[in-house]
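Here is the note on this chain that a colleague might want at hand while looking through the model. Please read the points alongside the sequence and the structure.

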Amino acid sequence: MSRTPLDRLALVLVVIGALNWLLVGLFQYDLVAGLFGGTGTFLSRTIYSIVGLAGLYSISLLFREAPTVRDKV
């Protein structure tokens with residue numbers, strides 16, 4: 001299935017969010033909070049929001065039909 005640039009950006013952000021949660025789960029370390037001054041700062045909340053929106057957008061990828069061979073020609 002071909003991906004648009006927005007699809008790719010959303011997937012990259014979802015992976016970044018997943019890695020952050022992995023760090024929280026394994027080491028109790030929130031990388032976003034560590035880099036941007038805590039969980040309550042405006043910048044951290046903005047990053048969390050963008051990653052969350054990317055996750056919501058990525059739900060649409062589950063329901064897209066893969067193009068058929070005829071669609072590619």
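The points below go from the basis of the model to its fold, its first helix, its charged pair and its surface.

1. Basis of the note. This is a predicted model, in which local features need pLDDT of at least 70 and side-chain atom pairs count only at pLDDT 80 or more, while totals for chains, interfaces and linings use all residues. Residues are numbered from 1 along each chain as its sequence is written, and side-chain values use heavy atoms, with hydrogens and water left out.

2. Overall fold. The protein chain has four helices and zero strands, and from the N terminus on its elements run α-α-α-α; helices (H or I, at least four residues) and strands (E, at least two) are DSSP runs, numbered from the N terminus. Of the 73 residues, 18% count as buried, where buried means under 20% relative accessible area, exposed over 50%, and partly exposed in between (1.4 Å probe, protein chains only). Among contacts (heavy atoms within 4.5 Å) between residues at least 6 apart in sequence, 50% join residues at least 24 apart.

3. Helix 1. Helix 1 has 23 residues and reaches 33 Å from its first C-alpha to its last, close to the 33 Å expected at 1.5 Å a residue; the expected span is 1.5 Å times one less than the number of residues. Its buried residues are Asp-7, Ala-10, Leu-13, Gly-17 and Asn-20, and what covers them includes helix 2 and helix 3 (42-62). Just after helix 1, Gln-28 takes a positive phi of about 55°.

4. Asn-20. Which residues does Asn-20 touch, not counting residues up to four places away in sequence? They are Tyr-29, Asp-30, Leu-31, Val-32 and Tyr-48. Asn-20 is placed in helix 1 (residues 5-27) and is buried, with a relative accessible area of 9%. Tyr-29, by comparison, lies in the loop between helix 1 and helix 2 and is partly exposed, at a relative accessible area of 40%.

5. The charged pair. Side chains of opposite charge can pair when their charged atoms come close. The count comes to one salt bridge, defined as a side-chain nitrogen of Lys or Arg within 4 Å of a carboxyl oxygen of Asp or Glu. Asp-7 forms this salt bridge with Arg-64, the closest N and O atoms being 2.6 Å apart. The pair links distant parts of the chain, with Asp-7 in helix 1 and Arg-64 in the loop between helix 3 and helix 4 (69-72), 57 residues apart. Asp-7 counts as buried because its relative accessibility is 0%, whereas Arg-64 is partly exposed, with a relative accessible area of 32%.

6. Ser-49. In helix 3, Ser-49 counts as partly exposed at 43% relative accessibility, and its side chain reaches the backbone oxygen of Arg-45 at 2.8 Å.

7. Surface. The accessible surface of the protein chain comes to about 5,700 Å², of which 71% belongs to carbon and sulfur atoms; accessible areas come from the Shrake-Rupley method with a 1.4 Å probe, and for residues only the protein chains shown count as cover. A nonpolar surface patch of about 990 Å² is made by residues including Val-15, Leu-19, Tyr-29, Leu-31 and Leu-43. The elements that give two or more residues to this patch are helix 1 and helix 2 (31-36), and helix 1 gives the most, with five residues. Patches are made of residues with over 30% relative accessible area and no salt bridge, like charges being joined within 9 Å and nonpolar side chains (Val, Leu, Ile, Met, Phe, Trp, Tyr) within 5 Å.

Technical notes: A polar contact is a pair of N or O atoms within 3.5 Å; within protein, one must be able to donate a hydrogen and the other to accept it, and residues adjacent in sequence count only if both atoms are side-chain atoms.
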